[in-house]
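The sequence and structure are shown first.

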Amino acid sequence: MTMRSPCEKGLSRVLLACIVLAAALAGAPSRAAEYPAKPVTFVVPFGAGSATDQLARALSASITEQTGQPVIVENRAGASGMIAAQHVARAAPDGYSVLITTNTTQAANPFLFKRLPYDPAKDYAPVTLLGRGGQVLVVRADTSYRTVNDLLEQARKAPGKLSFGSGNSSSRMAGEMLKQLSHTDIVWVGYNSNPAALNDLLGGHIDMMVIDTVTGMAHIQSGRLRALGASTARRLPQLPDLPTLDEAGIKGYDMGYWFAAYLPAGTPAAIVERLRALLINATRSEHARSFFANSATEPWTSTPEELVRFQASELEKWGKVVKAAGIQPE
């Protein structure tokens with residue numbers, strides 16, 4: 001029997017390790033090219049019917065058409081989106097659990113809660129931005145409030161008597177900014193999702209909302225809700241006659257929202273890029289065009305690096321808003 005020297009044995013182990021590594025690297029593009037090879041789950045932090053849910057369903061239909069694989073939309077509402085965000089952060093980094101989310105989980109929550117069960121930056125592989133939109137200050141159509149000033153006059157006459165609801169951080173902070181810039185005392189009522197808050201508004205249990213256009217537009221168009229002002233710096237194309245809140249007298253008001261897709265940290269870059277390509281195509285699909293056209297939102301995509309930079313700027317912005325509003329983390 002031929003004996004090998006320790007040096008030869010060491011070289012053999014190094015050679016074997018190199019072969020294994022080379023095989024793994026060679027297999028990565030192949031796995032990405034085959035992705036998705038099974039059903040994909042889009043995890044949504046908010047309830048059915050919410051803006052994020054509607055967008056996720058529009059994108060999922062397109063990706064199924066592109067790949068032939070089912071895309072399951074799983075709503076994990078609650079805790080201001082933290083349940084869904086934590087679930088994806090802990091999922092296998094293989095591309096099959098995708099967080100379709102907003103600035104609520106990725107920019108606002110770090111300043112609204114003392115402890116998060118996830119890190120909005122470190123726990124994810126950013127994929128792409130998906131869209132952006134505005135919100136609208138609404139009241140029931142059967143109230144006497146016909147302008148922003150009507151509403152604020154009542155709020156000043158009866159401090160702490162009027163209430164606003166919200167089911168996500170974007171909606172809440174829009175309401176808090178309204179209070180802050182108008183120097184009024186309006187009570188916040190929290191919900192698991194904006195559709196749930198909307199139901200209570202329509203039922204007369206709360207007085208107003210600053211609601212995303214996706215959730216509120218149908219009720220504005222039907223006449224059940226009266227829109228008083230848009231939250232964005234520019235008027236909404238779908239409501240060109242509606243003044244912005246800044247135009248209505250709340251100077252400096254500007255509060256929009258955005259959507260983005262994330263995978264668990266550690267997902268191979270090739271799979272991130274493959275999903276990004278599928279999602280960008282999906283934002284251009286007929287399914288998504290219908291969503292954007294009917295919801296006063298617009299498609300907005302990015303590279304992963306651009307999303308990282310944008311998210312960092314949003315974290316800075318939301319930190320300032322929360323501090324200025326005097327909100328203590330829960």
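The model is a predicted one. Gly49 sits in the loop that links strand S1 (40–44) to helix H2 (51–67).

Beyond its neighbours within four places in sequence, Gly49 touches Gln54, Pro195 and Thr215. Asn194 is 145 residues away from Gly49 in sequence, yet their C-alpha atoms are 8.7 Å apart in space.

## The five-stranded sheet

An open sheet is built from five strands in the order S7-S6-S8-S5-S9, with mixed pairing. The edges are strand S7 (187–190) and strand S9 (225–230); each has a single partner strand, so one side of each has no neighbour in the sheet. From one strand to the next, the twist averages 30°.

In general, the strands of a sheet pair through backbone hydrogen bonds, in parallel or antiparallel fashion. Strand S6 (residues 163–166) and strand S8 (residues 208–212) run parallel and are joined by two bridges. Gly165 has Met209 as its bridge partner in S8.

## Helix H7 across the sheet

Helix H7 (residues 194–202) lies across several strands, namely S5 (135–140), S6, S8 and S9. Relative to S8, helix H7 runs at about 145°.

## Glu176 in helix H6

Glu176 belongs to helix H6, which spans residues 169–182. Its relative accessibility is 7%, so Glu176 counts as buried, the cut-off being under 20%. With neighbours within four places in sequence set aside, Glu176 is in contact with Phe164, Trp188, Ala325 and Ile327.

## The chain as a whole

The chain contains 11 helices and 11 strands. Its C-alpha atoms fill a box of roughly 100 × 40 × 30 Å along the principal axes. Of its 330 residues, 50% count as buried. Among contacts between residues at least 6 apart in sequence, 77% join residues at least 24 apart.

The accessible surface comes to about 14800 Å², and carbon and sulfur atoms account for 54% of that area. There are 32 positive and 28 negative side chains in the chain, and the centres of these two sets are 4 Å apart.

Methods
Residues numbered from 1 in each chain as written. Predicted model: local features only at pLDDT ≥ 70, side-chain atom pairs only at ≥ 80, totals over all residues. Heavy atoms only, no water. Helix = DSSP H or I, 4+ residues; strand = E, 2+ residues; numbered from the N terminus. Buried < 20%, exposed > 50% of the residue type's maximum accessible area, 1.4 Å probe, protein only. Contact = heavy atoms within 4.5 Å. Areas by Shrake-Rupley, 256 points an atom, 1.4 Å probe, with all protein chains shown as cover. Lys, Arg positive; Asp, Glu negative; His and termini not counted. Charge placed at Lys NZ, Arg CZ, Asp CG, Glu CD. Pairing = 2+ DSSP bridges. Axes fitted to C-alpha atoms, helices over the stretch in contact; angles between N-to-C directions.
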